[in-house]
Amino acid sequence: MSDSTMADWLVLHGLTPESCLHLLGPEASEQVSAEHRPPEVTVPSGSDLWTLSSDILQVQAPALAAQIARTTEQTLTQFAPDTERFPRAFTLHDIGYGRPYVSCPCKGTAGDVIRVAHEFGHALQLMSGPPLPPVLREICAFASEALVVRGLRDRNPKLAEAASAVLVANTRHDLGRLHQDLRARLSQPDCPYDYDWNYPLSRCLTVRLMQMPDETLLTKLFCEGLSTVELTESLPEQV
């Protein structure tokens, strides 16, 4: 979407400026608990976090267990990339034979838990269903973050607390400045596309998705390629 505009982004997701504003809801200060300093904690290596994410997700989303196991085994991962060339984590769709590639620089901090879980979510969606537009792609990755933190609480409470603090900080960022910027850009149909627009809307919808009583809708999103409209019509109303 490098040459696309706000108008194109809205069409891709089946949205209007008005419907997008409704989905965005209030800003972060009204949606997310306050940040707190994470505790000092020993963080596993990137490869160990990849395995840990897989183990937790198979418990938290058992309907996706087969796809999670296949993702764990078949995804090519790099947790110590050249950060001058690849400073940010990313996932490629297919490097051959249907295998995703994940580059995720790990720094020995609690942020590694969230980054690895996020990229696992991207890889899992690519191994489970059809390609999705960016807002839905990011919902899959954010849902993976939330499920890993949730499942980590029983396995390693101290690491879960530290990872949760990072998740809260990331969410406040996406639902703060990025949220404000997206709201402002919605009235500018010819504004050049910015990938950051996907994050605040995806965060808002992930919060609602995590309120669902079971994993049925989550499984459909990963495996069947729901549209943005189909997803939002199935989510609980914003509080």
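Partly exposed means a relative accessible area between the buried range, under 20%, and the exposed range, over 50%. The close-ups below come from a predicted model.

**View A. H93 sits in the loop between strand 2 and strand 3.**
H93 has a relative accessibility of 45%, so this residue counts as partly exposed. Leaving out residues up to four places away in sequence, H93 touches R99, P100, L126 and P131. Look at L126 in particular. In sequence, H93 and L126 are 33 residues apart. In space, their C-alpha atoms are 6.4 Å apart.

**View B. H122 is a buried residue of helix 6.**
Helix 6 is the element in which H122 lies. The relative accessibility of H122 is 12%, and because buried means under 20%, H122 counts as buried. Which residues does H122 contact, leaving aside neighbours within four places in sequence? They are T91, R137, E138 and A141.

**View C. The largest pocket has a volume of about 900 Å³.**
Its lining is made of 32 residues, and those closest to the centre are R88, A89, H118, E119 and Y199. Strand 2 (90-92), helix 6 (111-128), helix 7 (134-155), helix 8 (157-174) and helix 10 (198-209) each supply at least two lining residues. Which helix gives the most to the lining? Helix 6 does, with eight residues. By class, the lining of the largest pocket holds 14 nonpolar, eight polar and 10 charged residues.

**View D. The structure holds one cavity of 30 Å³ or more.**
The volume of the largest cavity is about 40 Å³. Around this space lie L57, A61, L64, L124, S144, L147, L218 and F222. Helix 7 and helix 11 (216-224) are the elements that give two or more residues to this lining. How many charged residues line the largest cavity? There are none; the lining has seven nonpolar residues and one polar residue.

**View E. F90 and Y101 form one of the nine aromatic pairs in the structure.**
An aromatic pair is described by the distance of the ring centres and the angle of the planes. The ring centres of F90 and Y101 are 6.1 Å apart. Their planes meet at 50 degrees, so the pair is tilted. F90 belongs to strand 2 and Y101 to strand 3 (residues 101-103), so the pair ties together parts 11 residues apart in sequence. Is F90 buried or partly exposed? F90 is partly exposed, with a relative accessible area of 24%.

**View F. Y193 and Y195 make an edge-to-face aromatic pair.**
From centre to centre, the rings of Y193 and Y195 are 6.5 Å apart. The angle between their planes is 80 degrees. Y193 counts as buried, at 16% relative accessibility. Y195, at 26%, counts as partly exposed.

**View G. Ring pairs link W9, F142, Y193, Y195, W197 and Y199 into a cluster.**
The pair of Y193 and Y195 from the previous view is part of this cluster. F142 is another member. What lies over the face of F142? R203 does, at 3.6 Å from the ring centre. Y199, also in the cluster, is among the residues closest to the centre of the largest pocket.

Methods:
Residues are numbered from 1 along each chain as its sequence is written. This is a predicted model: local features need pLDDT of at least 70, side-chain atom pairs count only at pLDDT 80 or more; totals for chains, interfaces and linings use all residues. Side-chain values use heavy atoms; hydrogens and water are left out. On a 1 Å grid over the protein atoms alone, a cavity is a set of points where a 1.4 Å probe fits but cannot get out, and a pocket is an open set with protein on both sides within 12 Å along at least five of seven lines; lining residues have an atom within 4 Å of a point. Grid points are joined across faces, edges and corners, and a volume is the space filled by probe spheres set on the points. Helices (H or I, at least four residues) and strands (E, at least two) are DSSP runs, numbered from the N terminus. Ala, Val, Leu, Ile, Met, Phe, Trp, Tyr, Cys and Pro count as nonpolar, Asp, Glu, Lys and Arg as charged, and the others, Gly among them, as polar. Buried means under 20% relative accessible area, exposed over 50%, partly exposed in between (1.4 Å probe, protein chains only). Contact means heavy atoms within 4.5 Å. Rings of Phe, Tyr and Trp (its six-membered ring) pair if their centres lie within 6.5 Å; planes under 30 degrees apart count as stacked, over 60 as edge-to-face and the rest as tilted. A charge sits over a ring if NZ of Lys or CZ of Arg is within 6 Å of the ring centre and within 35 degrees of the ring normal.
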